[in-house]
Amino acid sequence: MFKSMRQFFHSIEEHLFKKEWIGSPDYEALRFTLIYIFVGLIWIIWSDDLLVILVQDIDLILQFQTLKGWFYVFMSGLLFSVILKRRIRMIRSLSDNILYQNTHDTLTELPNRAKSSEIINNRIKQNPQSVFALVSLDLDDFSNVNELLGYHIGDELIISLTHNLSQKLSTDDFISRNGDGFILILDLTNRNRTQLNQYLNMILDIVNRERVIENQTVFITCSLGVSLYPKDGSDFNELFKAADTAMRHLKGLRKNSYNFYTEDYHKERVNRVKMINELRKAIESNELYMLYQPIYDMEGMRVHSFEALIRWKSPTFGQVSPNVFISYAENTNLISLIDEYVFVTCMKLRRKWHDLGDHSTILSINLSSKGLVDPGFMHTIERLCLEHFYIPNGIQIEITETALISNFDLAKSHLLRLKRLGFIIALDDFGAGYSSLTYLHQLPIDCMKIDRSFSLNPGVNNNQDLILQAIINLAQKLHLKVVAEGIETNIQKDFFLEMDCSLGQGYLFAYPEAENLATQRVEELLEKAKL
Ligand code: C2E
Ligand code: MG
Ligand code: MG
């Protein structure tokens, strides 16, 4: 009966009201009032009839009339209270739910950064004399786990880490989730600096443990940035910023380690912001220029190709290394402007050599990691090829493993696009980073440049030499050209020649040089060829 009444009301509602209005607060209030009026009317009409049937005495009926009114007021009050209670409970549980979701991480159920900020700021307010360390824990190369093993393994790893780390916290400590990492608050009332260091080492060990997740063995390390209250900040934001700066600083140097914030980092940060602003202006005011370093065929001691290397001479900072400003530019949109400048300059130069009659000297360009995975920049390259009457097979693009790891599928599809345009593809600094041999055959690579670290101590470390020989053999089996980077001595040159690697780049042969000198070398090559 109740069910059919409900259905009856629903069908009336659907006919009377627009769909989008149903469920709105105005609609709910109107619905409630209409039901109240409807029930009231029914009561007024039926209760009189019922009274006449049940009671025959007129005096008694008059007395009951008053009671009837009281009964209605009492019953409707009771009904209101039941309905209101249900509604308020529902709203409260909904708002509690929303509040929980806004302040907690759904995967681990740990408080998120916003919640930790609230907790820490309250703690400071209640007890300004307290002493504690804020640790920003960031997992090293966590994106590799997600990309290579799958996001579900990444999630399981985070859950396992949460469990292990939470177990090691004392009552006044606190853990929360922050992006792909964690924030830890370690109470220092009963811990001195040595004990804190021991604790941080223990965290590194916990994270560094071998884990088997869904039959896959997973290893991960982390970097810890540490700030201290009250020394490094007076509220959560300041402390977190300091710990994060210390962590980022550490990441550039080494992994699986911890680092305390110092005042110098603040200066460095300010300097970086200043440098990025200067770099923005540098692009417009032509402070960037290119140098070209010859790559030699070490057997015949003949120039085989050139690598284009960017330079920045800043009026404020002097000569800035590309290792520094390229990474700054990669964190801003400046990198696409720099990549475009490099491509335009090199395409023009290659065109110039072509017009001189040179059809074989390769000009190698470094493409930033961001540029390789930027679909917009792929369009830019295609446009530049048309605008600058690009010479196929004359330009090589050097990419690094960082670009591949950030988004393998996209990087692969862009490399295929570049290859179709006629560019030669080289893998730069091989051996310096992740160095996975598995993807080599999946990518359209023509050349492998072996990182300078392999040239540093030739013949000293037997294992390293064996690995190097295996890499060279494998590259040759895959029909890749191999270039040894950083050749500074004849010993290094002979070492690589013995390993059957005949292409070399380094200060032993030539430093990066200006465009006119590189062009002069190309002209000399042409002269020699004529003889
Ligand atoms: P890379 O692509 O591996 O370039 C080789 C680096 O080794 C160059 O440093 C070069 O000057 C240096 N080098 C060459 N021979 C020797 C040697 O015998 N000994 C030593 N110690 N070093 C040698 P540079 O020019 O400072 O460039 C550093 C890095 O900056 C480059 O490494 C590349 O990753 C990046 N870079 C340079 N130019 C560009 C560019 O135009 N675009 C992009 N995206 N990155 C660039
Ligand atoms: Mg390079
Ligand atoms: Mg290199």
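Which residue caps the N-terminal end of α4? Keep that in mind while we take a walk through this predicted model, starting with its overall layout.

The protein is divided into domain 1, covering residues 2-103, domain 2, covering 113-261, and domain 3, covering 283-530. Between domain 2 and domain 3, the C-alpha centres are 38 Å apart.

Let us begin with helix α3, which runs over residues 58-103. At its N-terminal end sits a cap: a side-chain oxygen of Asp57 lies 3.0 Å from the backbone nitrogen of Asp59. Along α3, Ile61, Lys68, Tyr72, Ser76 and Thr103 are buried. The partners that the buried residues of α3 pack against are α2 (25-54) and α4.

That brings us to α4 itself, and to the opening question. The residue is Asn112, with a side-chain oxygen 3.2 Å from the backbone nitrogen of Ala114. Helix α4 spans residues 113-126, and its 14 residues reach 20 Å from the first C-alpha to the last, close to the 20 Å expected. Which residues of α4 are buried? They are Ser116, Ser117, Ile120, Arg123 and Ile124. Looking down the axis of α4, you will find these buried residues within an arc of 135 degrees, so they line one face of the helix. The spacing makes sense: an α-helix has 3.6 residues a turn, so residues three or four places apart point the same way. On the other side of α4, Ala114, Lys125 and Gln126 are exposed. The buried residues of α4, meanwhile, pack against β1 (132-139), β2 (174-178), β3 (181-187), β6 (222-229) and α8 (236-253).

Now for the metals. What coordinates the magnesium ion (ligand 2)? Its donors come from Glu307 (OE), Asn366 (OD1), Glu398 (OE) and Asp428 (OD), at 2.0 to 2.2 Å. Written as a pattern along the sequence, these donor residues are spaced E-x58-N-x31-E-x29-D. Distant parts of the chain are linked here: Glu398 belongs to strand β12 (residues 395-399) and Asp428 to strand β13 (residues 424-430), 30 residues apart. Glu398 is buried, with a relative accessible area of 1%, and Asp428 is buried too, at 6%.

How values were computed:
Residues are numbered from 1 along each chain as its sequence is written. Chains are lettered from A and ligands numbered from 1 in the order in which they are written. This is a predicted model: local features need pLDDT of at least 70, side-chain atom pairs count only at pLDDT 80 or more; totals for chains, interfaces and linings use all residues. Side-chain values use heavy atoms; hydrogens and water are left out. Helices (H or I, at least four residues) and strands (E, at least two) are DSSP runs, numbered from the N terminus. The expected span of a helix is 1.5 Å times one less than its number of residues. Buried means under 20% relative accessible area, exposed over 50%, partly exposed in between (1.4 Å probe, protein chains only). The arc is that of the directions from the helix axis to the C-beta atoms. Contact means heavy atoms within 4.5 Å. A polar contact is a pair of N or O atoms within 3.5 Å; within protein, one must be able to donate a hydrogen and the other to accept it, and residues adjacent in sequence count only if both atoms are side-chain atoms. Donors are N, O and S atoms within 2.8 Å of the metal (3.2 Å for Na, K and Ca); water is not among the atoms, so sites may look incomplete. Domain bounds come from an automatic or database domain assignment.
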